Amino acid sequence: MYHLAVRNNKCSTNRKGKDYKVLPEGILDFFPKVVSDLFLEDNIDEFTQDSFGLRYDKITNRILIPVRNEKHELVGILSRINAKEFPNNVSKYNTFISYPPSMVLFGLDRNLKFIRREGYAVLVEAEKSVMKAFSKGINNVLAAGGSHLFEEQCELLIRLGITDVIVSFDSDKSFKGVINSVKGLKVKYTEIKFRVHKVLESPSVRDKSSVFDMTEWSRSEIENHILNYSFEI
């Protein structure tokens, strides 16, 4: 019964007013904290898993990833099936409790103070890339939650004073398409200095979805690659 009640929660959204309501924190109490072996194998260490509050749902056998806003308020929950092999009709990742992705940047609750210290943010697609970076000691990374950057997310960046942004989307995306998309946002949001990371320019990264999948690279090597292979548009 409790499981149905929890799953029926959702973060209500008002796009016209560009506002949303947060979820009750007590929802997480139904799910035990966990250290996932699958996440460890993906080079997301135990400290990082604890920092991002990973949980486990026994009924669905899924690792739960709480999604929070910049105020550390709970706005939704993502999940990953807790198995290496599963049927084709089962989603590897899904939204356990829905939230407005256009109004959230994953990692802000943990990384905002580091972004302000570093002076720039690295914007990636996947939430796990944020955690992989965090495990390497790279704490100025945020996830858009997909290959599209929304206007609301740009407005959130401006509101928080984040105006130097390196877009480092996955290497399997059309680089030209990413550039054109960012150029369109640049026209409207002139306050933001957009840089695009040319991940495909490095042969050693071409077979990786993200530069943060380069497990043999040190923190400085990853940071230098992002800075040296990025250009302003």
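User: Which residue in β10 is the bridge partner of Asp164?

Analyst: The partner of Asp164 in β10 is Lys193. One note before we go on: this is a predicted model, where local features need pLDDT of at least 70, side-chain atom pairs count only at pLDDT 80 or more, and totals for chains, interfaces and linings use all residues. Residues are numbered from 1 along each chain as its sequence is written, and side-chain values use heavy atoms, leaving out hydrogens and water.

User: What makes β9 and β10 a pair?

Analyst: Strands pair if DSSP finds at least two bridges between them, and a strand is a DSSP run of E with at least two residues (a helix is a run of H or I with at least four), numbered from the N terminus.

User: Which way do the side chains of β9 point, and are they buried or exposed?

Analyst: In strand β9 (residues 164-167), Asp164 and Ile166 point one way, Val165 and Val167 point the other way, and all are buried. Buried stands for under 20% relative accessible area, exposed for over 50%, and partly exposed for what lies in between, using a 1.4 Å probe and protein chains only. In a regular strand, side chains alternate between the two faces of the sheet.

User: Where do β8 and β11 sit in their sheet, and what makes them edge strands?

Analyst: The open sheet has five strands in the order β8-β7-β9-β10-β11, with mixed pairing. Its edge strands are β8 (141-143) and β11 (230-232), as each pairs on one side only. From one strand to the next the twist averages 30°, an angle between N-to-C directions on a scale from 0 to 180 degrees, with axes fitted to C-alpha atoms. Within this sheet, three bridges join strand β7 (residues 121-124) to β8 in parallel, and Val124 stands opposite Ala143.

User: How do you know that β5 is largely enclosed by the rest of the structure?

Analyst: Eight of the eight residues of β5 are buried, so the strand is largely enclosed by the rest of the structure. β5 (residues 74-81) belongs to an open four-strand sheet with the order β3-β4-β5-β6 and antiparallel pairing. β4 and β5 are joined by seven bridges, one partner pair being Arg68 and Leu74. On the β6 side there are four bridges, where Ser79 stands opposite Asn94 and Ile77 opposite Ile97.

User: Why is His72 called partly exposed?

Analyst: Its relative accessibility is 39%, so His72 counts as partly exposed. His72 is found in the loop between β4 and β5, a hairpin with five residues between the strands. Its phi is near 70°, a positive value in a residue other than glycine.

User: Why does Asn61 fall in the partly exposed class?

Analyst: Asn61 has a relative accessible area of 26%, so it is placed as partly exposed. Asn61 lies in the loop between β3 and β4, with a positive phi of about 55° although it is not a glycine.

User: What makes the 32 residues a nonpolar core?

Analyst: A core is a set of buried Ala, Val, Leu, Ile, Met, Phe, Trp, Tyr and Cys residues joined through side-chain atoms within 4.5 Å. The largest such set has 32 residues, and Phe39, Phe106, Met131, Val141 and Phe212 have the most contacts inside it. α5 (127-135) is among the elements that give two or more residues to this core, and it gives the most, with four.

User: What lines the second largest cavity?

Analyst: Its lining is Phe52, Pro66, Val67, Arg68, Phe106, Gly107 and Asp109. A cavity is a set of points on a 1 Å grid over the protein atoms alone where a 1.4 Å probe fits but cannot get out, and lining residues have an atom within 4 Å of a point. The volume of this one is about 50 Å³, and the count of cavities of 30 Å³ or more comes to three. Strand β4 (residues 62-68) gives the largest share of the lining, three residues.

Technical notes:
1 Å grid on protein atoms, 1.4 Å probe; cavity = no way out; pocket = protein on both sides within 12 Å on 5 of 7 lines; lining within 4 Å. Points joined across faces, edges and corners; volume = space filled by probe spheres on them.
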